[in-house]
Amino acid sequence: MYFDLSYYWRILRHVWSLRQWPGRRKTLARLLIGVPLEYLFHATCFLLDYLLFPRLWTQRVEQPVFIVGHARSGTTLAHRLMSADKGTFSYFLYWEMFFPSLLQKRVIRGLGYLDRRLFGSYCHRRLVAWDDKTFGPFRHMHDMSLWNAEEDQFVMRAACLSQQWTVDIPMMDRIDLFHIDQLSSRRRRRWLHHYRECVKRQLVLCGGNRIHLSKNPVMSGWVDALLEAFPDARFVVMMRNPGECIPSVLKLVQVGWKGRGWRHEDCAESLRVLTEISFDSYHLPRLALAARPMTPSLVVDYRELTTEPRLTVQAIYQSLGLAMSSEYDAFLLQQEAREKRHKVDFRYSLDEFEITGDRLQTELADFYMEYSWPPPGKPAKEEPEHERAER
């Protein structure tokens, strides 16, 4: 099992330098003791997977579907609408990313079965209560739960390749998980090999005959690398007005950091780096797919997904060569009215950040022209977000 020592040392050195941070001692203990022990546990289970589940030797990852695009551009909505087609797709639930080994997942599912049969789902009810207490206050920003389909790059956390570190600590100027093309070819292949191994285990867990469905804004910078690792991959690229989604994601991470006690000056450089990544989130998928015109892909306008979700998903299936069952089409018909009614009160404005509307239009001029987006305005946006799904 792979472990990225370079990123590990970089994180460790940065945390060591935060001498005034109250969480320094606890995080150092986690890095020096918890992370190595966690890695040894996962690595042992990874090895046992191939001994206990021989199907892994022959399991293939064929024609996976990757949903990419800027964060808050509708990637979550597209992912959860498509993941409802359970007969077609395999995907990671959030809890499963903490346990990437097939053995671990089988054991946990077995414990869940015993809980239902012997204890009347007592443990499950306690977990649901914890889930609501932990994630409930933030669901107006992003509907998160242990049982939701989530960004599957989190499955690489045991290899020290998870964006969770930058979610907890503002250090995007030191840890770059986005520009994978800047890595050496050897290191890039090792990242993607580990990712493939995680996906293979999830496919076996789901029966082995489904299509892996991935959603991750970070992978907007991975399209070239993903096509190197999965030459038959297919892509959905979400597209939304940057005047809406860029301040939205800046606000989201800022609220997260503030909730963990970080001051504005602690976050300023990371917010600047995240702004630059935001521009690349638009440009890089377009450049990578333009260089490979035979790759099945579709760019989806956020406005169309939120106003006509059924027709939009039908267009995705047609473009990617996917067959849609009548049962799934009926689900989309029922879901359409719910998505149109859904509103989330999460307000944001460019005025809260250093980025200006003029710079947005300069950096992304071609996109503004192509999609006829209105010029970025100064007043706070009150447009509803549509990133939700049932637990």
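Ser214 is buried, its relative accessible area being 1%; buried here means under 20% relative accessible area, with exposed over 50% and partly exposed in between, for a 1.4 Å probe and protein chains only. The structure is a predicted model, in which local features need pLDDT of at least 70 and side-chain atom pairs count only at pLDDT 80 or more, while totals for chains, interfaces and linings use all residues. Residues are numbered from 1 along each chain as its sequence is written, and side-chain values use heavy atoms, with hydrogens and water left out.

Ser214 belongs to strand S3, residues 211-215. Strands (E, at least two residues) and helices (H or I, at least four) are DSSP runs numbered from the N terminus. Beyond its neighbours within four places in sequence, Ser214 is in contact (heavy atoms within 4.5 Å) with Val65, Phe66, Ile67, His79, Asp152, Tyr195 and Met219. With Asp152, the Ser214 side chain makes a polar contact, side chain to side chain, at 2.9 Å; such a contact is a pair of N or O atoms within 3.5 Å, and within protein one must be able to donate a hydrogen and the other to accept it, residues adjacent in sequence counting only if both atoms are side-chain atoms. Tyr91 lies 123 residues from Ser214 in sequence, yet the C-alpha atoms of Ser214 and Tyr91 are 6.6 Å apart in space.

Attention now turns to helices H4 and H5. Helix H4 (102-119) and helix H5 (122-135) each supply at least two residues of the lining of the second largest pocket. H4 gives the most to this lining, with eight residues.
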